[in-house]
Amino acid sequence: MHLQIATRRIADTVVARPEGRIDHRTAAPFEDALAPLLADAVARRGPLVLDFSAIDYISSVGLRVLMVAARQMREHQTLLLVAALQGVVAEIFAISRFDRVLVVTATLDDALAKCSPEALAIHRSGNRSANPETAP
Amino acid sequence: MKGVRIWGCRGSLPVALTAAGVRDKLLTTLRAARGRSIATDGDLDAILAGLPFAVAGTYGGHSSCVQIDTGGADYFVCDMGSGLRPFGQAATAQRQGKPQTFHIFMSHLHWDHIMGLPFFVPAFIPGNRIVIYGSHRELESALRRQQEPPSFPVDFRIFGATMEFVHLEPGRAHEIAGVRVTTMLQRHGGDSYGYRFESGGRTAVYSTDSEHPLSDPAHTERFVAFFGDADLVVFDAMYSLADAISVKADWGHSSNIVGVELCQMANAKHLCLFHHEPVFDDAAIDAMLAETRRLEKITRGATALHVSAAFDGMDIAL
(Lines give C-alpha, C1' and ligand atoms only; values in the text may rest on other atoms or scores of the structure.)
Protein backbone atom coordinates (compact mmCIF):
# COMPACT_ATOMS: atom_id res chain seq x y z
CA MET A 1 0.00 0.00 0.00
CA HIS A 2 1.25 3.46 -0.93
CA LEU A 3 0.74 6.37 1.42
CA GLN A 4 0.92 9.88 0.05
CA ILE A 5 2.23 12.71 2.17
CA ALA A 6 1.91 16.23 0.75
CA THR A 7 4.81 18.41 1.84
CA ARG A 8 5.66 22.08 1.64
CA ARG A 9 8.61 24.12 2.74
CA ILE A 10 7.97 27.27 4.76
CA ALA A 11 11.23 29.12 5.45
CA ASP A 12 13.38 26.66 7.46
CA THR A 13 10.46 24.36 8.24
CA VAL A 14 8.96 21.45 6.33
CA VAL A 15 5.28 20.77 6.86
CA ALA A 16 4.14 17.26 5.94
CA ARG A 17 0.44 16.43 5.71
CA PRO A 18 -0.41 12.71 5.55
CA GLU A 19 -3.96 11.63 4.82
CA GLY A 20 -6.22 8.79 5.93
CA ARG A 21 -5.64 5.99 8.45
CA ILE A 22 -2.33 4.90 9.93
CA ASP A 23 -3.11 1.37 11.06
CA HIS A 24 -1.49 -2.06 11.09
CA ARG A 25 -1.60 -2.15 7.27
CA THR A 26 -0.47 1.37 6.51
CA ALA A 27 2.05 2.02 9.29
CA ALA A 28 4.94 0.52 7.31
CA PRO A 29 4.25 2.65 4.19
CA PHE A 30 3.87 5.65 6.48
CA GLU A 31 7.26 4.89 8.03
CA ASP A 32 8.79 4.52 4.56
CA ALA A 33 7.30 7.83 3.42
CA LEU A 34 8.49 9.57 6.56
CA ALA A 35 12.08 8.36 6.29
CA PRO A 36 13.30 10.81 3.59
CA LEU A 37 11.58 13.70 5.37
CA LEU A 38 13.39 12.84 8.60
CA ALA A 39 16.69 12.49 6.76
CA ASP A 40 16.13 15.87 5.13
CA ALA A 41 15.24 17.52 8.46
CA VAL A 42 18.36 16.08 10.09
CA ALA A 43 20.55 17.16 7.16
CA ARG A 44 19.34 20.74 7.18
CA ARG A 45 18.86 20.82 10.97
CA GLY A 46 15.44 22.29 10.44
CA PRO A 47 12.09 21.48 12.07
CA LEU A 48 9.60 18.98 10.67
CA VAL A 49 5.92 19.52 11.38
CA LEU A 50 3.46 16.70 10.82
CA ASP A 51 0.10 18.27 10.06
CA PHE A 52 -2.33 15.55 11.20
CA SER A 53 -5.49 17.43 10.25
CA ALA A 54 -6.31 14.80 7.60
CA ILE A 55 -5.50 11.72 9.71
CA ASP A 56 -8.67 10.09 11.03
CA TYR A 57 -7.15 7.10 12.88
CA ILE A 58 -3.78 5.95 14.18
CA SER A 59 -3.03 2.57 15.78
CA SER A 60 -0.30 1.60 18.23
CA VAL A 61 1.93 0.59 15.33
CA GLY A 62 1.55 4.05 13.81
CA LEU A 63 2.28 5.68 17.15
CA ARG A 64 5.44 3.62 17.40
CA VAL A 65 6.57 5.09 14.06
CA LEU A 66 6.14 8.58 15.54
CA MET A 67 8.05 7.58 18.68
CA VAL A 68 10.97 6.26 16.63
CA ALA A 69 10.92 9.39 14.45
CA ALA A 70 10.90 11.71 17.46
CA ARG A 71 13.79 9.81 19.02
CA GLN A 72 15.79 10.07 15.79
CA MET A 73 15.15 13.81 15.57
CA ARG A 74 16.07 14.35 19.23
CA GLU A 75 19.35 12.54 18.73
CA HIS A 76 20.19 15.17 16.11
CA GLN A 77 18.87 18.10 18.13
CA THR A 78 16.12 18.62 15.57
CA LEU A 79 12.49 19.29 16.34
CA LEU A 80 9.54 17.09 15.34
CA LEU A 81 6.09 18.47 16.03
CA VAL A 82 2.65 16.94 15.50
CA ALA A 83 -0.11 19.45 14.85
CA ALA A 84 -3.87 19.69 14.44
CA LEU A 85 -5.00 16.33 15.79
CA GLN A 86 -8.62 15.65 14.98
CA GLY A 87 -11.36 14.00 17.11
CA VAL A 88 -10.56 10.30 17.44
CA VAL A 89 -6.82 10.78 16.87
CA ALA A 90 -6.64 13.43 19.59
CA GLU A 91 -8.32 11.00 21.99
CA ILE A 92 -5.95 8.18 21.03
CA PHE A 93 -2.97 10.47 21.69
CA ALA A 94 -4.38 11.34 25.12
CA ILE A 95 -5.23 7.74 26.10
CA SER A 96 -1.85 6.45 24.95
CA ARG A 97 -0.11 9.40 26.69
CA PHE A 98 1.61 10.29 23.42
CA ASP A 99 0.44 13.85 23.99
CA ARG A 100 2.93 13.88 26.87
CA VAL A 101 5.97 12.44 25.11
CA LEU A 102 5.71 14.13 21.71
CA VAL A 103 5.49 17.84 20.97
CA VAL A 104 1.81 18.16 20.08
CA THR A 105 0.04 21.40 19.23
CA ALA A 106 -3.61 22.21 18.63
CA THR A 107 -3.05 23.94 15.30
CA LEU A 108 -0.44 24.28 12.57
CA ASP A 109 0.03 27.92 13.57
CA ASP A 110 0.84 26.82 17.11
CA ALA A 111 3.43 24.36 15.79
CA LEU A 112 5.11 27.00 13.63
CA ALA A 113 5.08 29.43 16.52
CA LYS A 114 6.99 26.88 18.58
CA CYS A 115 9.65 26.06 16.02
CA SER A 116 10.07 29.00 13.62
CA PRO A 117 8.73 32.55 13.99
CA GLU A 118 9.83 33.21 10.41
CA ALA A 119 7.84 30.27 9.07
CA LEU A 120 4.83 31.38 11.11
CA ALA A 121 5.02 34.89 9.69
CA ILE A 122 5.22 33.58 6.13
CA HIS A 123 2.42 31.10 6.73
CA ARG A 124 0.18 33.78 8.17
CA SER A 125 0.85 36.16 5.31
CA GLY A 126 0.09 33.40 2.84
CA ASN A 127 3.57 33.85 1.33
CA ARG A 128 5.09 30.41 1.08
CA SER A 129 8.68 29.97 0.02
CA ALA A 130 8.00 27.01 -2.21
CA ASN A 131 5.17 25.34 -4.08
CA PRO A 132 3.46 22.29 -2.58
CA GLU A 133 5.12 19.08 -3.51
CA THR A 134 4.47 15.42 -2.79
CA ALA A 135 6.89 12.99 -1.25
CA PRO A 136 6.50 9.23 -1.67
CA MET B 1 -15.87 -23.75 31.70
CA LYS B 2 -18.01 -21.65 34.00
CA GLY B 3 -16.00 -18.63 34.96
CA VAL B 4 -12.88 -16.95 36.25
CA ARG B 5 -12.09 -15.46 39.64
CA ILE B 6 -9.31 -12.95 40.14
CA TRP B 7 -7.40 -13.52 43.39
CA GLY B 8 -4.47 -11.23 42.62
CA CYS B 9 -4.53 -8.50 39.98
CA ARG B 10 -1.47 -6.43 40.82
CA GLY B 11 1.80 -6.39 38.88
CA SER B 12 5.33 -6.68 40.19
CA LEU B 13 4.68 -6.11 43.88
CA PRO B 14 1.73 -6.55 46.25
CA VAL B 15 0.32 -3.30 47.59
CA ALA B 16 -2.18 -2.35 50.30
CA LEU B 17 -4.52 0.53 50.93
CA THR B 18 -3.08 3.04 53.38
CA ALA B 19 -4.90 4.72 56.25
CA ALA B 20 -4.93 7.93 54.22
CA GLY B 21 -6.48 6.07 51.29
CA VAL B 22 -9.25 4.64 53.46
CA ARG B 23 -9.90 8.07 54.97
CA ASP B 24 -10.24 9.61 51.51
CA LYS B 25 -12.81 6.99 50.56
CA LEU B 26 -14.76 7.55 53.77
CA LEU B 27 -14.74 11.32 53.34
CA THR B 28 -15.93 11.09 49.75
CA THR B 29 -18.67 8.68 50.78
CA LEU B 30 -19.85 10.85 53.67
CA ARG B 31 -19.92 13.91 51.43
CA ALA B 32 -22.04 11.96 48.94
CA ALA B 33 -24.46 11.13 51.75
CA ARG B 34 -24.86 14.74 52.85
CA GLY B 35 -28.48 15.82 52.75
CA ARG B 36 -29.71 12.34 51.85
CA SER B 37 -31.58 9.88 53.98
CA ILE B 38 -29.42 7.22 55.60
CA ALA B 39 -32.25 5.73 57.63
CA THR B 40 -32.36 2.31 55.99
CA ASP B 41 -29.86 -0.13 54.55
CA GLY B 42 -31.59 0.46 51.23
CA ASP B 43 -30.74 4.18 51.50
CA LEU B 44 -27.10 3.31 52.18
CA ASP B 45 -26.97 0.85 49.29
CA ALA B 46 -28.37 3.52 46.98
CA ILE B 47 -25.67 6.00 48.04
CA LEU B 48 -22.90 3.44 47.58
CA ALA B 49 -24.28 2.42 44.18
CA GLY B 50 -23.83 5.98 43.00
CA LEU B 51 -20.15 6.08 43.86
CA PRO B 52 -17.28 5.09 41.56
CA PHE B 53 -15.67 1.71 42.24
CA ALA B 54 -12.50 3.57 43.26
CA VAL B 55 -14.46 5.06 46.18
CA ALA B 56 -16.92 2.32 47.13
CA GLY B 57 -14.46 -0.51 46.52
CA THR B 58 -10.80 -1.18 45.81
CA TYR B 59 -8.92 -3.02 43.09
CA GLY B 60 -6.77 -4.69 45.70
CA GLY B 61 -3.15 -5.43 45.90
CA HIS B 62 -2.33 -9.14 45.68
CA SER B 63 0.08 -10.15 42.95
CA SER B 64 -0.96 -12.42 40.07
CA CYS B 65 -3.28 -15.32 40.78
CA VAL B 66 -6.32 -16.25 38.67
CA GLN B 67 -8.65 -19.20 39.16
CA ILE B 68 -10.35 -20.83 36.19
CA ASP B 69 -13.60 -22.55 37.17
CA THR B 70 -13.72 -25.38 34.66
CA GLY B 71 -16.89 -26.84 36.10
CA GLY B 72 -14.94 -29.98 37.03
CA ALA B 73 -13.86 -31.24 40.43
CA ASP B 74 -10.23 -30.15 40.14
CA TYR B 75 -9.01 -26.62 40.73
CA PHE B 76 -7.29 -24.71 37.91
CA VAL B 77 -5.12 -21.74 38.83
CA CYS B 78 -2.81 -19.44 36.89
CA ASP B 79 0.27 -18.25 38.76
CA MET B 80 1.13 -18.30 42.43
CA GLY B 81 1.44 -14.64 43.35
CA SER B 82 0.38 -13.48 46.79
CA GLY B 83 -3.25 -13.97 45.72
CA LEU B 84 -2.64 -17.72 46.03
CA ARG B 85 -2.90 -17.39 49.80
CA PRO B 86 -6.55 -16.24 49.97
CA PHE B 87 -7.39 -18.68 47.17
CA GLY B 88 -5.89 -21.54 49.20
CA GLN B 89 -7.81 -20.53 52.30
CA ALA B 90 -11.08 -20.34 50.38
CA ALA B 91 -10.51 -23.68 48.63
CA THR B 92 -9.70 -25.37 51.95
CA ALA B 93 -12.86 -24.00 53.54
CA GLN B 94 -14.97 -24.91 50.52
CA ARG B 95 -14.00 -28.59 50.34
CA GLN B 96 -13.87 -29.17 54.11
CA GLY B 97 -10.92 -31.53 54.29
CA LYS B 98 -11.66 -33.71 51.27
CA PRO B 99 -8.52 -34.41 49.21
CA GLN B 100 -8.31 -32.18 46.15
CA THR B 101 -6.23 -31.81 43.02
CA PHE B 102 -4.87 -28.40 42.10
CA HIS B 103 -3.58 -27.77 38.56
CA ILE B 104 -1.40 -24.65 38.66
CA PHE B 105 -0.15 -23.05 35.45
CA MET B 106 2.90 -20.81 35.67
CA SER B 107 3.39 -17.91 33.28
CA HIS B 108 6.97 -17.57 34.51
CA LEU B 109 9.05 -17.71 37.65
CA HIS B 110 9.56 -14.11 38.63
CA TRP B 111 9.16 -13.33 42.28
CA ASP B 112 5.71 -11.76 42.15
CA HIS B 113 4.32 -14.89 40.46
CA ILE B 114 5.70 -17.49 42.88
CA MET B 115 5.64 -15.80 46.30
CA GLY B 116 2.29 -17.30 47.31
CA LEU B 117 3.42 -20.94 47.35
CA PRO B 118 5.03 -20.94 50.84
CA PHE B 119 1.67 -19.75 52.22
CA PHE B 120 -0.59 -22.04 50.17
CA VAL B 121 -2.58 -23.95 52.80
CA PRO B 122 -3.64 -26.88 50.54
CA ALA B 123 0.04 -27.73 50.01
CA PHE B 124 0.33 -28.50 53.73
CA ILE B 125 -2.59 -30.95 53.78
CA PRO B 126 -1.82 -34.65 53.23
CA GLY B 127 -3.97 -36.21 50.55
CA ASN B 128 -4.01 -33.14 48.34
CA ARG B 129 -2.26 -33.26 44.99
CA ILE B 130 -0.58 -30.14 43.64
CA VAL B 131 0.44 -30.32 39.97
CA ILE B 132 2.49 -27.36 38.80
CA TYR B 133 2.78 -26.87 35.04
CA GLY B 134 5.15 -24.63 33.15
CA SER B 135 7.47 -24.35 30.20
CA HIS B 136 10.57 -23.13 32.03
CA ARG B 137 13.21 -25.79 32.59
CA GLU B 138 13.90 -24.25 36.03
CA LEU B 139 10.28 -24.64 37.15
CA GLU B 140 10.92 -26.96 40.08
CA SER B 141 14.33 -25.62 41.10
CA ALA B 142 13.09 -22.01 41.22
CA LEU B 143 10.20 -22.93 43.52
CA ARG B 144 12.39 -25.02 45.79
CA ARG B 145 15.02 -22.28 45.90
CA GLN B 146 12.61 -19.64 47.21
CA GLN B 147 11.97 -21.86 50.24
CA GLU B 148 15.62 -22.48 51.05
CA PRO B 149 17.54 -20.59 53.74
CA PRO B 150 18.08 -17.73 54.07
CA SER B 151 15.03 -16.78 51.99
CA PHE B 152 12.47 -18.84 53.95
CA PRO B 153 12.59 -20.91 57.13
CA VAL B 154 10.95 -24.13 55.87
CA ASP B 155 11.59 -26.02 52.64
CA PHE B 156 9.42 -28.35 50.57
CA ARG B 157 9.64 -31.10 53.21
CA ILE B 158 7.03 -29.19 55.22
CA PHE B 159 4.42 -29.82 52.54
CA GLY B 160 2.05 -32.72 53.24
CA ALA B 161 0.48 -32.71 49.78
CA THR B 162 1.96 -34.52 46.81
CA MET B 163 3.92 -32.02 44.73
CA GLU B 164 4.32 -32.74 41.00
CA PHE B 165 5.96 -30.75 38.23
CA VAL B 166 4.98 -31.06 34.58
CA HIS B 167 6.85 -29.47 31.70
CA LEU B 168 4.52 -28.21 28.96
CA GLU B 169 5.88 -27.98 25.45
CA PRO B 170 5.07 -24.46 24.21
CA GLY B 171 2.89 -24.09 21.15
CA ARG B 172 1.16 -27.42 21.72
CA ALA B 173 -2.30 -28.25 23.04
CA HIS B 174 -2.49 -30.49 26.11
CA GLU B 175 -5.58 -32.23 27.51
CA ILE B 176 -5.64 -31.72 31.28
CA ALA B 177 -8.59 -32.85 33.40
CA GLY B 178 -10.99 -32.35 30.51
CA VAL B 179 -9.63 -28.96 29.50
CA ARG B 180 -7.63 -28.22 26.38
CA VAL B 181 -4.66 -26.10 27.45
CA THR B 182 -2.40 -24.43 24.88
CA THR B 183 0.69 -22.45 25.82
CA MET B 184 2.54 -19.80 23.87
CA LEU B 185 5.91 -18.16 24.30
CA GLN B 186 5.68 -14.48 25.18
CA ARG B 187 8.23 -11.69 25.21
CA HIS B 188 9.41 -11.04 28.77
CA GLY B 189 12.76 -11.07 30.57
CA GLY B 190 13.63 -14.76 30.94
CA ASP B 191 10.55 -15.60 28.81
CA SER B 192 6.95 -15.99 29.88
CA TYR B 193 4.10 -18.15 28.57
CA GLY B 194 0.46 -17.39 27.88
CA TYR B 195 -2.28 -19.97 28.35
CA ARG B 196 -5.42 -20.63 26.35
CA PHE B 197 -8.03 -22.76 28.16
CA GLU B 198 -10.86 -24.33 26.14
CA SER B 199 -13.69 -26.39 27.56
CA GLY B 200 -17.43 -26.78 27.03
CA GLY B 201 -17.46 -24.33 24.15
CA ARG B 202 -15.87 -21.56 26.19
CA THR B 203 -12.37 -20.09 25.93
CA ALA B 204 -10.36 -18.07 28.43
CA VAL B 205 -6.88 -16.70 27.72
CA TYR B 206 -4.38 -15.73 30.41
CA SER B 207 -1.65 -13.54 28.93
CA THR B 208 0.35 -11.58 31.43
CA ASP B 209 3.91 -10.29 31.61
CA SER B 210 3.97 -10.06 27.86
CA GLU B 211 5.44 -7.27 25.75
CA HIS B 212 4.31 -6.78 22.19
CA PRO B 213 6.93 -5.52 19.74
CA LEU B 214 4.86 -3.36 17.43
CA SER B 215 7.38 -3.54 14.60
CA ASP B 216 6.80 -7.28 14.12
CA PRO B 217 3.61 -8.13 12.18
CA ALA B 218 4.25 -11.88 12.55
CA HIS B 219 4.22 -11.48 16.34
CA THR B 220 0.89 -9.65 16.14
CA GLU B 221 -0.58 -12.37 13.94
CA ARG B 222 0.50 -15.07 16.41
CA PHE B 223 -1.27 -13.32 19.27
CA VAL B 224 -4.37 -12.56 17.25
CA ALA B 225 -4.61 -16.29 16.53
CA PHE B 226 -3.93 -17.16 20.19
CA PHE B 227 -6.68 -14.79 21.37
CA GLY B 228 -8.99 -15.81 18.49
CA ASP B 229 -12.72 -15.71 19.39
CA ALA B 230 -11.91 -15.97 23.11
CA ASP B 231 -14.72 -15.30 25.56
CA LEU B 232 -12.19 -13.68 27.89
CA VAL B 233 -8.63 -12.38 27.60
CA VAL B 234 -6.85 -11.52 30.86
CA PHE B 235 -4.23 -9.11 29.55
CA ASP B 236 -1.13 -7.38 30.91
CA ALA B 237 -1.99 -3.66 30.67
CA MET B 238 0.55 -2.39 33.12
CA TYR B 239 1.77 0.74 31.34
CA SER B 240 0.53 3.44 29.03
CA LEU B 241 1.50 2.79 25.42
CA ALA B 242 3.90 5.75 25.47
CA ASP B 243 5.74 4.34 28.49
CA ALA B 244 5.68 0.77 27.17
CA ILE B 245 7.54 1.72 23.99
CA SER B 246 9.83 4.42 25.38
CA VAL B 247 11.18 4.63 28.94
CA LYS B 248 9.84 1.17 29.81
CA ALA B 249 10.60 -0.55 26.51
CA ASP B 250 11.99 -4.06 27.05
CA TRP B 251 10.57 -4.20 30.58
CA GLY B 252 8.31 -6.98 29.36
CA HIS B 253 4.86 -5.46 29.73
CA SER B 254 2.08 -4.09 27.59
CA SER B 255 -0.63 -1.45 27.51
CA ASN B 256 -4.40 -1.04 27.42
CA ILE B 257 -4.20 0.23 23.83
CA VAL B 258 -2.48 -2.88 22.52
CA GLY B 259 -4.94 -5.01 24.51
CA VAL B 260 -7.91 -3.38 22.78
CA GLU B 261 -6.31 -3.67 19.35
CA LEU B 262 -5.35 -7.34 19.69
CA CYS B 263 -8.75 -8.30 21.11
CA GLN B 264 -10.57 -6.40 18.35
CA MET B 265 -8.47 -8.10 15.67
CA ALA B 266 -9.00 -11.47 17.37
CA ASN B 267 -12.76 -10.98 17.72
CA ALA B 268 -12.48 -11.64 21.46
CA LYS B 269 -15.52 -10.80 23.57
CA HIS B 270 -14.10 -9.54 26.86
CA LEU B 271 -10.79 -7.83 27.64
CA CYS B 272 -9.85 -7.82 31.32
CA LEU B 273 -7.06 -5.36 32.11
CA PHE B 274 -4.63 -7.06 34.48
CA HIS B 275 -1.24 -6.79 36.22
CA HIS B 276 -1.91 -3.25 37.36
CA GLU B 277 1.04 -0.97 37.96
CA PRO B 278 1.63 -0.98 41.76
CA VAL B 279 1.97 2.82 41.92
CA PHE B 280 -1.58 3.23 40.54
CA ASP B 281 -4.18 3.95 43.19
CA ASP B 282 -7.83 3.03 42.75
CA ALA B 283 -8.68 6.33 41.09
CA ALA B 284 -5.88 5.88 38.53
CA ILE B 285 -7.13 2.39 37.61
CA ASP B 286 -10.72 3.68 37.40
CA ALA B 287 -9.50 6.40 35.01
CA MET B 288 -7.55 3.90 32.91
CA LEU B 289 -10.62 1.68 32.66
CA ALA B 290 -12.80 4.60 31.55
CA GLU B 291 -10.23 5.62 28.94
CA THR B 292 -9.91 2.07 27.66
CA ARG B 293 -13.68 1.74 27.32
CA ARG B 294 -13.73 5.03 25.44
CA LEU B 295 -10.97 3.81 23.12
CA GLU B 296 -12.91 0.62 22.45
CA LYS B 297 -15.99 2.66 21.62
CA ILE B 298 -14.33 5.08 19.20
CA THR B 299 -12.43 2.31 17.41
CA ARG B 300 -15.18 -0.32 17.47
CA GLY B 301 -15.78 -2.44 14.40
CA ALA B 302 -18.79 -4.64 13.79
CA THR B 303 -18.97 -6.03 17.32
CA ALA B 304 -18.40 -4.52 20.74
CA LEU B 305 -15.60 -5.66 23.04
CA HIS B 306 -16.45 -5.66 26.73
CA VAL B 307 -13.65 -4.10 28.78
CA SER B 308 -13.13 -4.53 32.51
CA ALA B 309 -10.32 -3.96 34.99
CA ALA B 310 -9.39 -6.88 37.24
CA PHE B 311 -9.82 -6.54 40.99
CA ASP B 312 -9.12 -8.98 43.78
CA GLY B 313 -12.30 -10.99 44.33
CA MET B 314 -13.71 -10.25 40.86
CA ASP B 315 -15.88 -13.01 39.35
CA ILE B 316 -16.27 -13.22 35.59
CA ALA B 317 -18.91 -15.55 34.16
CA LEU B 318 -18.11 -17.31 30.91
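**Reading helix packing**

Guide: Start with a pair of helices. In this predicted model, helix 1 (residues 27-44) of chain A packs on helix 2 of chain A at an angle of about 15 degrees, and their axes are 10 Å apart. The angle is under 35 degrees, so helix 1 of chain A counts as roughly parallel to helix 2 of chain A.

Visitor: Which residues of helix 1 of chain A meet helix 2 of chain A?

Guide: An α-helix has 3.6 residues a turn, so residues three or four places apart point the same way. Now the case. Helix 1 of chain A uses Ala27(A), Phe30(A), Glu31(A), Leu34(A), Leu38(A) and Ala41(A). On helix 2 of chain A, the partners are Val61(A), Gly62(A), Val65(A), Ala69(A), Gln72(A) and Met73(A).

Visitor: Is the crossing of helix 1 and helix 2 of chain A left-handed or right-handed?

Guide: Helix 1 of chain A passes helix 2 of chain A in a right-handed crossing.

Visitor: What span does helix 2 of chain A reach?

Guide: Compare the span with the expected value. Helix 2 of chain A has 16 residues and reaches 22 Å from its first C-alpha to its last. That is close to the 22 Å expected at 1.5 Å a residue. After the helix comes Gln77(A), with a positive phi near 50 degrees.

Visitor: Which residues of helix 2 of chain A are buried?

Guide: They include Ser60(A), Val61(A), Leu63(A), Arg64(A), Leu66(A) and Met67(A).

Visitor: How many residues does the largest nonpolar core have?

Guide: It has 124 residues. Among those with the most contacts inside it are Val49(A), Phe227(B) and Leu271(B). Helix 2 (residues 60-75) of chain A gives the most to this core, with seven residues. Take Leu271(B) as a case. Leaving out residues up to four places away in sequence, Leu271(B) touches Val233(B), Phe235(B), Gly259(B), Val260(B), Cys263(B), Leu305(B) and Val307(B).

Visitor: How many residues of chain B are in contact with chain A?

Guide: 16 residues of chain B are in contact with 16 residues of chain A. On the side of chain B that touches chain A, helix 10 of chain B gives the most, with four residues.

Visitor: What does helix 10 of chain B meet in helix 3 of chain A?

Guide: Check the axes. Helix 3 (residues 87-96) of chain A and helix 10 (residues 282-298) of chain B have axes that come within 10 Å and cross at roughly 150 degrees. These two helices are therefore roughly antiparallel to each other. The crossing is left-handed. From helix 3 of chain A, Val88(A), Glu91(A), Ile92(A) and Ile95(A) meet Glu291(B), Arg294(B), Leu295(B) and Ile298(B) in helix 10 of chain B.

How values were computed: Residues are numbered from 1 along each chain as its sequence is written. Chains are lettered from A and ligands numbered from 1 in the order in which they are written. This is a predicted model: local features need pLDDT of at least 70, side-chain atom pairs count only at pLDDT 80 or more; totals for chains, interfaces and linings use all residues. A nonpolar core is a set of buried Ala, Val, Leu, Ile, Met, Phe, Trp, Tyr and Cys residues joined through C-beta atoms within 7 Å. A residue is buried if 20 or more other C-beta atoms lie within 10 Å of its own, exposed if 12 or fewer, and partly exposed in between; C-beta atoms are placed from the backbone. Two residues are in contact if their C-beta atoms, placed from the backbone, lie within 7 Å. The expected span of a helix is 1.5 Å times one less than its number of residues. Axes are lines fitted to C-alpha atoms, for helices over the stretch in contact, and angles run from 0 to 180 degrees between N-to-C directions. Angles under 35 degrees count as roughly parallel, over 145 as roughly antiparallel, 65 to 115 as roughly perpendicular and the rest as oblique. A crossing is left-handed if the near helix is turned anticlockwise from the far one by less than a right angle, and right-handed if clockwise.
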